[in-house]
Amino acid sequence: MTADDAHRAVKSAGRTLDVLEALAAAGGPRPLGELSRTLGIPKSSLHALLRTLLSRGWVETDDGGGRFTLGLRALEVGAAYLRPDGATGLLGGVLDRLTARFGETAQLFRLDGGSVVLLARRESPHALRAYHPIGCRLPAHATAAGRALLAQRPDEAVDRLLSWPLPARTASTATGSAWLRA
């Protein structure tokens, strides 16, 4: 975002998106106080945002109304990205054929900044397999799919996407620019 874009940004819209992203990352219902601390938003302001999101179905509460989680509207809007007229629909048959031919899981990832996001998957028939849910975000440099997508770009473009040194996800994750470029 440029300085000019920041002047045009709407603070309440940004805060609303921060709330949705925090709930998506939370892994379960979160109380108002915890969300307030995590996001640095005063409880009164956050409560007003949550009431609006509740009324529109983007957020739900537990039976007591004190813990918040994503609502069905978030799923509906997110699922719209995966409609059959997009890349996932066009490549679904390719994923099916790859899984049938090789007997392994086939996945479709999209590069998004320095990460990859899983858009579609066809499962291997084998009982033992890696599993990532649709929509999961992984560091591009730490996945085979991410490295393959980065390899298609010039070094300057990769430098704009990644911040060196790269964080290690495991003891064997390569984090240096020379290794990744090779």
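How much accessible surface does the protein chain have, and what percentage of it belongs to carbon and sulfur atoms? The accessible surface comes to about 11800 Å², and carbon and sulfur atoms account for 55% of that area.

**Figure 1. Overview of the protein chain.** The model shown is predicted. The protein chain contains 9 helices and 6 strands. Its C-alpha trace spans about 55 × 40 × 35 Å along the principal axes. Of the 182 residues in the protein chain, 29% are buried. Among contacts with a separation of 6 or more, 38% are between residues 24 or more positions apart.

**Figure 2. The segment annotated in UniProt at residues 10-72.** An unreviewed UniProt entry places the feature "domain: HTH iclR-type" on this stretch. Over residues 10-72 the chain is 60% helix and 14% strand.

**Figure 3. The largest nonpolar core and the surroundings of leucine 50.** This core has 13 residues. Those with the most contacts inside the core are Val19, Leu23, Leu35, Leu46, Leu50, Val59 and Phe68. At least two residues of the core come from each of helix 2 (11-26), helix 3 (32-39) and helix 4 (43-55). With residues up to four places away in sequence not counted, leucine 50 touches Val19, Leu32, Leu35, Val59 and Phe68. Another core, of 12 residues, lies apart from the largest one; its members include Val116, Leu138, Val158 and Leu180. In soluble globular proteins, nonpolar side chains tend to be buried together.

**Figure 4. Pairing of strands 1, 2 and 3.** Strand 1 (residues 30-31) pairs with strand 3 (residues 67-70) in the antiparallel sense, over 2 bridges. In this pairing, proline 31 stands opposite arginine 67 of strand 3. Strand 2 also runs antiparallel to strand 3, and 3 bridges join the two. Here glutamate 60 stands opposite threonine 69 in strand 3. Strand 2 and strand 3 form a hairpin with 5 residues between them. In the turn, glycine 65 has a positive phi of about 80 degrees.

Figure 5. Glycine 57 is found in the loop that lies between helix 4 and strand 2 (59-61). Is this residue buried, partly exposed or exposed? Glycine 57 counts as partly exposed because its relative accessibility is 25%, and the partly exposed class lies between the cut-offs of under 20% for buried and over 50% for exposed. Leaving aside neighbours within four places in sequence, glycine 57 is in contact with Gly71, Leu72, Arg73 and Ala74. Serine 12 is 45 residues from glycine 57 along the chain, and the C-alpha atoms of the two are separated by 18 Å.

Figure 6. The 3 strands are arranged in the order 4-5-6, with antiparallel pairing. Strand 4 (106-112) and strand 6 (137-139) are the edge strands, and each pairs on one side only. From one strand to the next, the twist averages 40 degrees. Strand 4 pairs with strand 5 (residues 115-122) over 7 bridges. One of the residues involved is alanine 106, whose bridge partner in strand 5 is arginine 122. Helix 7 (residues 144-151) packs on the sheet, where it touches strand 4 and strand 5. The direction of helix 7 makes about 55 degrees with that of strand 4.

Terms used: Residues are numbered from 1 along each chain as its sequence is written. This is a predicted model: local features need pLDDT of at least 70, side-chain atom pairs count only at pLDDT 80 or more; totals for chains, interfaces and linings use all residues. Side-chain values use heavy atoms; hydrogens and water are left out. Two strands pair if DSSP finds at least two bridges between them. Helices (H or I, at least four residues) and strands (E, at least two) are DSSP runs, numbered from the N terminus. Axes are lines fitted to C-alpha atoms, for helices over the stretch in contact, and angles run from 0 to 180 degrees between N-to-C directions. Contact means heavy atoms within 4.5 Å. UniProt positions are given in the numbering used here, feature names are shortened, and annotations may be inferred rather than shown by experiment. A nonpolar core is a set of buried Ala, Val, Leu, Ile, Met, Phe, Trp, Tyr and Cys residues joined through side-chain atoms within 4.5 Å. Buried means under 20% relative accessible area, exposed over 50%, partly exposed in between (1.4 Å probe, protein chains only). Accessible areas come from the Shrake-Rupley method with a 1.4 Å probe; for residues, only the protein chains shown count as cover.
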